[in-house]
Amino acid sequence: MINKTFLPSRRDFLKTAGIVLPAMGMGSITFPACSPERKTSSDELFGYFQDPAPEARPFFRWWWNGNQVEKEEIAREIRLMKNAGAGGIEINPIAMPQQIEDSPRNGLAWLSDAWCEMVRYAVEEAGKNNMVVDLIVGTGWPFGGEFLDPDETIRGLTFELHEVQGAGEKSLTLREPEENEEIYKIYLIPAGIKDIEDVIALEERTDAENQLAINVPDNDCQVVVIRIKKGFREVFRGAPGGAGPVLDHFNAGAVSKYLNHMSDALNPYFDGKLGNGLRAMFCDSIELEGANWTTDLPEEFEKRRGYPLPPYLPLLFSEITVDPEFSGVVERARYDYSLTLAELFRERFIEVFNDWCHGQNVLSRYQAYGHPWLYTDLVVGNMIPDIPEGDQWLFNPGWSSSRIDDIRYAIWNKYASSGGHLAQKPIISSEAMTNTSGVFKATLKYMKQAADLNFLAGINHLVLHGFNYSPPEIGFPGWVQYGTYFNENNPWWPYVSNFMDYASRISAILQKCEPVSQVAILGPTPDVWRKNGLDRNPFNTEPWYLHSLWQAFSSQGISVDYINGEVFTGSTFQNKNFGYGKMSYQALVVVNAVSMEMPVARSILQYVETGGRVIFIAGLPTVSPGMDSYREFNELVKSSIEDAIAAGAQVEEPPDESFQGDLDRLALWAGDFLEKYQLKPGFRISRPNGHLMTAQFSHNRHPVVFISNVHQSNTLEAGIVFPENKASFWQWDTETMNRKHLIPEKNGTFQLKLKPLESILIIGDHALAKQREPRPEIRGREWSVDGVWEIECIHKITGENLTKRLDRLVDLSTLPDLQDFSGTVIYRKSFDLEDPDYAELELGSIHDLAEVVINGKTIGVDWYGNKTFSLNGSLIRGNNELEIRVVNTLLNYCISRRNDPGIAYWLDRYREKPEIAPTGLMGPVKFSG
């Protein structure tokens with residue numbers, strides 16, 4: 001039989017990705033050196049931190065709703081996004097929002113001359129504003145269009161099942177065929193089938209009334225009618241000119257035709273190459289429900305797997321009862337089928353897309369996930385494109401058992417970063433702040449928490465989802481497609497640059513440093529494919545702890561990448577580590593694997609025999625997943641793993657099921673794991689907590705660590721100790737952009753105290769004189785600002801202005817005349833001081849952000865909570881004027897406008913009935929020091 005591995009070789013992979021394969025250096029250091037092309041001095045790195053390049057600043061996904069775009073509005077919205085702090089845009093043409101029934105004017109046809117001119121103009125305007133432009137391929141998703149021939153459109157198998165009892169001549173009534181559907185095969189299968197030879201192919205003998213005559217042998221049977229259906233899915237949300245049937249992504253010729261159709265139309269507007277104006281072409285998530293076939297799949301399957309596919313098809317997809325001893329054969333065929341589709345998808349779609357991008361002198365940006373199937377194992381899909389991309393949703397917890405405040409952040413992002421690390425991709429992005437269940441109520445605080453979870457997962461660039469093309473004359477809320485309401489109508493829009501600047505500084509550092517990981521995790525993908533095929537849900541959720549391990553380890557100072565079998569077989573083994581590309585790992589953790597490809601099992605044995613650490617969680621692999629020489633390969637897998645155990649590989653029990661959702665207990669389990677198997681973290685953490693997470697990088701062989709308290713209300717304290725290192729350590733303030741020299745205690749511990757949602761960067765640098773910075777004198781004074789406040793309430797949407805006097809600070813949403821208020825509340829107070837030498841100001845509880853002005857001077861913005869303002873001499877002797885400008889969200893106003901269809905559409909999508917949210921400054925307001 002012929003067996004073809006499901007990944008190209010390591011060298012072929014890097015060649016495909018446009019990477020020159022370097023020599024592997026496998027020293028014992030924890031933090032490997034940076035690559036020469038990214039090596040910079042600490043001062044240069046600090047320069048990037050202070051002034052992030054456009055590529056480091058968040059981009060906006062820019063929905064061109066209905067392609068109803070005009071130049072004047074294009075220019076205006078680009079300026080808006082630039083002034084908000086964006087470094088770039090992703091132009092994304094799409095149909096008008098579903099809740100908009102009547103469009104005021106006709107949109108431009110996708111790829112028409114007028115539309116292409118608008119793209120060119122947008123690129124020109126973005127260039128004037130020093131902004132980068134990406135462009136989505138197609139319109140809506142997935143790829144498709146009216147210009148495709150029927151044979152170039154999506155294909156899938158459908159199955160019709162008939163129970164037949166008793167022997168003899170039978171007649172069955174088959175269902176009416178649908179449009180573009182034809183019978184492929186009809187099979188007669190005995191109940192409890194024991195061998196593939198018992199599958200009987202029937203001739204298609206249907207009459208005009210779809211009656212099928214069959215002769216049934218001496219037992220109960222099932223008849224399975226397999227049909228091929230093509231062109232059965234339309235592009236979802238396709239804009240004018242780009243709607244129509246979905247493309248057959250397994251047809252390389254059709255894929256090339258589609259891509260060339262787009263570049264042929266646009267190239268004349270960019271001097272012959274898209275790269276003369278665009279940074280990257282973008283492929284959105286792979287939403288190919290029902291796509292499980294292509295014209296030459298049977299031939300390709302037999303060529304690659306060595307046996308015919310058709311007789312197995314009814315057993316793979318329909319609910320046929322098989323003999324238990326035969327079920328293993330069916331599972332191997334299902335694995336081979338999944339493997340073949342994954343290979344074809346990689347070769348005929350991902351690589352064709354990637355090569356087309358390079359031929360156009362643009363980068364390829366690609367999301368490897370989708371619904372309902374994952375057409376690669378995600379490691380594959382994220383190693384090929386220039387910019388692998390994950391995603392992250394607000395108000396949607398996703399699949400991971402380690403959930404934080406209904407933010408989906410874990411699986412897609414972690415595989416994007418893992419693939420990016422393995423293939424040495426300098427930019428790893430995420431579609432960030434996607435939001436369909438909380439439009440109008442997202443806060444900058446919530447977005448900061450979400451952004452930090454992205455960075456902790458290894459993402460180093462955010463593409464914000466999204467900014468809607470919506471002319472002002474449309475009125476509120478305008479055209480709202482998807483995503484968080486990034487819009488000048490949002491009360492917090494004047495402060496969004498605080499978030500953008502913060503995210504830019506973190507991205508600037510991470511893009512210039514090398515990732516560091518100590519552990520690689522190998523999940524049970526072969527078992528998922530054997531039992532479930534390419535279905536994404538079991539990949540995401542089985543076992544429950546698989547995609548929570550990286551998070552638990554990060555709370556212990558261990559960084560993790562997820563790999564696949566072929567990456568491991570392409571690795572080098574040296575000094576007890578294994579390495580792939582520039583990544584070096586201390587250990588391989590194999591999770592819940594029953595089956596394993598034979599070369600992987602042999603490589604595990606080889607690695608253990610060189611002194612490497614391999615830990616199997618929840619049992620040992622005992623079989624080979626595919627049909628190829630399976631009896632021989634089963635024995636080789638089993639014997640290789642047994643020999644690996646004898647040579648020192650370990651078996652560990654999985655975390656207790658009661659740990660699901662308990663971040664702290666899972667983090668403690670990871671700490672015990674670290675000690676038991678003598679793994680060396682990048683640094684030791686005292687008092688580990690599941691909400692205190694870390695990500696590790698290196699710069700000039702010195703540590704770079706991002707640490708975040710991702711808890712919304714708890715302050716966390718911990719001590720960290722770095723291994724023996726000649727670097728001195730500095731904390732780079734992500735808001736003030738100052739560098740503070742950190743001095744450890746005598747035992748080498750750096751004591752950290754992080755307020756809720758606070759994050760820090762610790763940077764190792766060349767050894768410097770360890771001089772303690774003078775500490776400000778703490779006088780121990782405290783003064784609470786009580787009494788009457790004058791407030792001015794300025795409604796963002798209506799422009800109404802209301803003034804009030806408050807005897808005490810209260811939640812303004814409890815006041816009848818302010819329940820529906822959304823906008824800015826200005827709190828004013830005058831007071832006299834004889835001794836103005838206070839050092840700090842705290843506001844206490846605010847909803848949702850606050851800017852503080854003292855004596856006409858802004859001293860800071862608290863945009864994510866619990867900020868302590870340094871006064872720096874802002875107070876004066878005598879009379880002082882304090883002004884606190886508090887901004888809330890649009891939620892309360894929108895609740896009062898439920899009769900507006902454009903608003904009601906989004907409120908109805910909330911997971912729970914939306915309720916009035918707290919508003920304003922609740923305090924206590926205190927001066928201290």
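Mentor: Helices (H or I, at least four residues) and strands (E, at least two) are DSSP runs, numbered from the N terminus. By that scheme, Pro142 sits in the loop between β3 (132-136) and β4 (155-164). The model is predicted, so local features need pLDDT of at least 70 and side-chain atom pairs count only at pLDDT 80 or more, while totals for chains, interfaces and linings use all residues. Residues are numbered from 1 along each chain as its sequence is written, and side-chain values use heavy atoms, with hydrogens and water left out.

Trainee: What pLDDT does the chain average?

Mentor: pLDDT is the predictor's confidence in each residue, from 0 to 100. Here the chain averages 92, and 93% of the residues score at least 70. Residues 1-38 have a pLDDT below 50.

Trainee: Which phi does Leu111 have?

Mentor: Leu111 is not a glycine, yet its phi is positive, about 70°. Leu111 falls in the loop between β2 (88-94) and α4 (113-128). Ala618, not a glycine either, has a positive phi of about 70°. The loop that holds Ala618 runs between β23 (613-617) and α18 (630-647).

Trainee: Is Leu111 buried or exposed?

Mentor: Buried means under 20% relative accessible area, exposed over 50%, and partly exposed in between (1.4 Å probe, protein chains only). Leu111 counts as buried because its relative accessibility is 11%. Ala618, with a relative accessible area of 28%, is partly exposed.

Trainee: How many disulfides does the structure hold?

Mentor: A disulfide is a pair of cysteine sulfur atoms within 2.5 Å. The structure holds zero of them. Cys357, for instance, has its nearest cysteine sulfur in Cys283, 8.9 Å away. The sulfur of Cys894 is 18 Å from the closest cysteine sulfur, in Cys793, so it is too far for a bond. Cys357 is buried, at 0% relative accessibility. Cys894 is likewise buried, at 0%.

Trainee: How many cavities of 30 Å³ or more are there?

Mentor: On a 1 Å grid over the protein atoms alone, a cavity is a set of points where a 1.4 Å probe fits but cannot get out, and a pocket is an open set with protein on both sides within 12 Å along at least five of seven lines; lining residues have an atom within 4 Å of a point. Grid points are joined across faces, edges and corners, and a volume is the space filled by probe spheres set on the points. The count here is nine cavities of 30 Å³ or more.

Trainee: Which residues lie nearest the centre of the largest cavity?

Mentor: The largest cavity, with a volume of about 180 Å³, has 21 lining residues, and Leu522, Gly523, Thr525, Pro526 and Gly565 lie nearest its centre. Helix α13 (residues 525-532) supplies the largest share of that lining, three residues. For classes, Ala, Val, Leu, Ile, Met, Phe, Trp, Tyr, Cys and Pro count as nonpolar, Asp, Glu, Lys and Arg as charged, and the others, Gly among them, as polar. The lining of the largest cavity then has 14 nonpolar, five polar and two charged residues.

Trainee: What space lies in the second largest cavity?

Mentor: The second largest cavity holds about 120 Å³. Its lining has 18 residues, the closest to its centre being Lys414, Leu456, Ser559, Ala695 and Gln696. At least two lining residues come from each of α10 (411-422), α15 (549-554), β18 (560-563) and β26 (692-699). β26 provides the largest share of this lining, four residues. Nine residues of the lining of the second largest cavity are nonpolar, seven polar and two charged.

Trainee: What lines the second largest pocket?

Mentor: The second largest pocket contains about 850 Å³ of space. Its lining has 29 residues, with Phe395, Lys441, Thr443, Gln712 and Asp848 nearest its centre. The elements giving two or more residues to this lining are α11 (444-456) and β38 (845-847). β38 gives the most, three residues. By class, the lining of the second largest pocket has 10 nonpolar, 10 polar and nine charged residues.

Methods
Contact = heavy atoms within 4.5 Å.
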